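Work through the exercises below with the model open. Each task is followed by a stepwise solution.

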Amino acid sequence: MALFYDDDQSMLADSATQFMAEEGSIKKQLRHWRDRDCPDGFGHDLWKQFGEMGFTGILVSEEDGGLGMGNVEAGIVLEQIGRNLTPSPFLTSSVLAATAIGKGSNDLRGRYLPGLISGEHVFAVAIDEGAKHRPERIKTKAEKSGNGFKLNGQKDFVIHGASADMMIVAARTSGSDDDDDGITLFAVPKDASGLSQDAVRLVDSSVATHAKFDNVELDGDAVIGEVDGGRDVLNAMLHAGRVGAAAESVGVSAGSMDMTVDYLKQRKQFGKLIGEFQALQHRAAHLYSDVEIARAAVIKAQQLLDAEAESAELMVSVAKAKAGTTSNLSVREGVQMHGGIGMTDEYDIGLYMKRDRALSEFLGDANYHTERVAQLSGY
Amino acid sequence: MSDLDQFRQETRDWLEANCPPEMRQPVRDEGDVYWGGRRAKFKSDAQKSWFEACAAKGYTVPAWPKEYGGAGLDGPQSKVLRQEMSRIGARPPLSSFGIWMLGPALLKFGTEEQKIHYLNEIAQGKIRWCQGYSEPGSGSDLVSMQTFGEDKGDHWVVNGQKIWTSYADEADWIFCLVRTDKANKYQGITFMLFDMESKGVSTKPILLISGNSPFCETFFDDVEVPKDQFVGEVNRGWDVAKYLLGHEREMISGADSGDRTSAIGAAMLRHTGELDTMLRADLAKFDVEALAYGAMGEKFLDEMKAGKGHPAQPNMMKYAGTELNKRRHELMMAAGGSRSLEWDSEETGGGKPSRGWLRTKANSIEGGTSEVMLNVVAKRILDLPGA
């Protein structure tokens, strides 16, 4: 497969680009909800429009009413989300949760997927148990209780947790904290008794929660996949989420870079456009090169993941690490090259910097994924 | 079975029958590379038979038309051949500036007679070419060149000096930029071809920090060049040169070869037995960059074949690829420790690690410096203002 979009993918890219630039723009969405201190951090109307556009069901199979497309297509939408800093539950619901639920029972798929596809419902995932992403270790416990389970523990960095109708929780049903086996994924409804959440506004004005599970009672049919055998589903979900986050990071990089390059062509100092200075030209050109390389790594990882290739896991980590360091470079250069105005809230470049920080942290930062590349490569 | 599947099967069978096991080993040093030319000698029977089989089949230049010595393969077929050759680790049958640089320029700018004559010679490895671009005062600012060809009616008389002419002392012919109109900077250069045995041509190797001398100074002292030995139009050689530089940058960027971009962490561990934690972290960061760049190379080739992509993209590839390769060799030196410092020991094959490391420092200078590549990206892709 060639490493660029085919005709159908290009059409999707066109409509996602137009939709996100118009409906998902920084002014209409991010600033709008931020300035109202919205407890969700995103607009439900926009999420329904995502449904009307068909974006919500990209990763849902056709049998389940979705479009049955792949990670390349989800990434097309995510890149535009990143470029416009569009706040939405797309990554958590349509990528992470959809991938996990797609591997669940008929009952679970029937219960949750229609609401996802219509944009009525929002899902969250609860994986991290500390300030850093470390899904190799799961402490949250689910003990057998009658026909179901009792969930106890705590999760952090649950994005959209407070707005979600259901959250997917990775818990331990057997073994010790660092075991690969003994993990089970659960679909926990919002109103489950014993579930409490502290919502916290993050630097990018999204909202995440610390979720507490205090004897949360779950039916047996809340299990996604196999009891004790949830690691595979968790990994599938994480791979899709990571490559998706990487695609969004490429969008953040490109959006921030374009803004900066435009500014270099307008701003005059010392009687010249600052874009005439070679020192800045070289930094801009280096940034361009980095963004192109990150973009290539991401599409390669998406294609390998869609083809279920053995090397997909390695390339997903390459993509997440590379996209993270690149978007970090892009926003730092962006603010610096904008000078004083880059420090103002009025100007958008700083919003890119905030989003980059949150997105890079989500599902493992560049260090985490670089470490994985070393391990997966055998050293 | 699709046509392409069938082609793959035929290619496999052909390679099995024609590529000797010895030619499936990685290239160890310069002696393993066959450059062709009048004075060429094969290192082994296997090298000879592999070259001859490829030349007969058109596989020294598979994508060139058959009438010019190629195999006339289309894009997908070329990719299949490349994949199948890399699957068995087959060595390139012929290395040649004729194939990489002059050939593409002739295909675009040459007359039919030139194509038939020169391209077939290149494909058959008969003539070894070198490139005369840079001059002592004209490196990155190539267009400032001074070598002058004076019009003498039926021939030019060329005087001047070139520098960094790779393997000029072993080449048979040179393709060369010569100023033919002093009044016109860009439109006063002619792209000439001539025999290195012409009277008045002399070469002198330049010893480099690596202890090798692949480059030469080349002197032209009243060299007579017949008036029909030019490519493109007289005084419009800059067009040819620019086109050719694009190809050269692609080649130096290593977009098509695995060895500049492959992951090294695991290889270094095998080699040294253990890695200290700081080095391991550096290697892992490098591997992320290298694997990402590898994807970029693949994307770039796919886009080029499909006619997509920006024409200045090779400049970006050249910049990123050569900087990466330099970093790779820095890490290899660090991983090798004191052993990689040995300049003449048997174990290091006569100082291969350090000589290789020093050689890479030229990557971001030759074929246009990294700074020039960034200038091009800034101006032609990002459209930033200024001269």
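**Exercise 1.** Find how many salt bridges there are between chain A and chain B.

*Solution.* Start with the rule: a side-chain nitrogen of Lys or Arg within 4 Å of a carboxyl oxygen of Asp or Glu. The count between the two chains is three. One of them pairs Arg280(B) with Glu371(A). Their closest N and O atoms are 3.0 Å apart.

This is a predicted model: local features need pLDDT of at least 70, side-chain atom pairs count only at pLDDT 80 or more, and totals for chains, interfaces and linings use all residues. Residues are numbered from 1 along each chain as its sequence is written, chains are lettered from A in the order in which they are written, and side-chain values use heavy atoms, without hydrogens and water.

**Exercise 2.** Describe the contact between chain A and chain B (heavy atoms within 4.5 Å).

*Solution.* Count residues: chain A gives 39 and chain B gives 38. Next, take the buried area (accessible area, 1.4 Å probe, lost on being put together, summed over both). The chains bury about 3200 Å², 69% of it on carbon and sulfur atoms. In chain A, Phe4(A), Tyr288(A) and Tyr379(A) lose the most area to chain B, together 22% of what that side buries.

**Exercise 3.** State what lines the largest cavity.

*Solution.* On a 1 Å grid over the protein atoms alone, a cavity is a set of points where a 1.4 Å probe fits but cannot get out; lining residues have an atom within 4 Å of a point.

Conventions
Contact means heavy atoms within 4.5 Å. Buried area is the accessible area (1.4 Å probe) that two parts lose on being put together, summed over both. On a 1 Å grid over the protein atoms alone, a cavity is a set of points where a 1.4 Å probe fits but cannot get out, and a pocket is an open set with protein on both sides within 12 Å along at least five of seven lines; lining residues have an atom within 4 Å of a point.
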